[in-house]
Amino acid sequence: MPELFQALAAEAAAEGVHFVRWDDPGGYEVLLVLNSCQVGCATLPEFTGPHIVVTSESVRNWPVREEDLPAAILDAIRVAQ
């Protein structure tokens with residue numbers, strides 16, 4: 001997932017989207033969870049806003065090709081905002 005995050009951060013920066021840790025004291029608008037496993041086994045922190053769960057094969061449980069993940073994640077963030 002580090003490679004995915006780097007690709008995502010580069011595309012997101014062009015749109016003014018930036019990422020913070022889930023425990024950032026300033027808060028955040030959308031919770032993005034990048035799972036290392038294919039089934040999405042990461043535990044989500046308590047968060048009442050929109051969340052996007054990503055696995056190596058899906059975004060929000062929709063199948064996505066690996067090379068299309070950054071664009072699909074950004075689309076999901078746009079919808080969630």
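The following conversation goes through the terms used for this predicted model and how each one is reached.

User: What kind of model is this, and how are its residues numbered?

Analyst: This is a predicted model, in which local features need pLDDT of at least 70 and side-chain atom pairs count only at pLDDT 80 or more, while totals for chains, interfaces and linings use all residues. Residues are numbered from 1 along each chain as its sequence is written, and side-chain values use heavy atoms, with hydrogens and water left out.

User: How many helices and strands does the protein have, and in what pattern do they follow along the sequence?

Analyst: Helices are DSSP runs of H or I with at least four residues, and strands are runs of E with at least two, numbered from the N terminus. On that basis the secondary structure comes to two helices and four strands, and read along the sequence the pattern is α-β-β-β-β-α.

User: Why is the protein called as compact as a globular protein of its length?

Analyst: The radius of gyration, taken over C-alpha atoms, is set against the globule rule, which is 2.2 Å times the number of residues to the power 0.38. The protein has a radius of gyration of 12 Å, close to the 12 Å that the rule gives for 81 residues, so the protein is as compact as a globular protein of that length. Along its principal axes, the C-alpha trace spans about 35 × 30 × 25 Å.

User: Why is R21 called exposed, whereas Y28 is called partly exposed?

Analyst: Exposed means over 50% relative accessible area, buried means under 20%, and partly exposed lies in between (1.4 Å probe, protein chains only). R21, in the loop between α1 (2-13) and β1, has 58% relative accessibility and therefore counts as exposed. Y28, which also lies in the loop between α1 and β1, has a relative accessible area of 24% and is therefore partly exposed. Over the protein, buried residues make up 27% of the 81 residues.

User: Which residues is Y28 in contact with, and what makes them contacts?

Analyst: Contact means heavy atoms within 4.5 Å, and, leaving aside its neighbours within four places in sequence, Y28 is in contact with V20, R21, W22 and F47. Y28 and E46, by C-alpha to C-alpha distance, are 13 Å apart in space and 18 residues apart in sequence.

User: What makes up the lining of the largest pocket?

Analyst: Lining residues have an atom within 4 Å of a point of the pocket, and the largest pocket is lined by 21 residues, of which F19, V20, V30, L31 and L32 lie nearest its centre. Strand β1 (residues 31-34) gives the most to this lining, with four residues. Ala, Val, Leu, Ile, Met, Phe, Trp, Tyr, Cys and Pro count as nonpolar, Asp, Glu, Lys and Arg as charged, and the others, Gly among them, as polar; by these classes the lining has 14 nonpolar, five polar and two charged residues.

Note on methods:
On a 1 Å grid over the protein atoms alone, a cavity is a set of points where a 1.4 Å probe fits but cannot get out, and a pocket is an open set with protein on both sides within 12 Å along at least five of seven lines; lining residues have an atom within 4 Å of a point.
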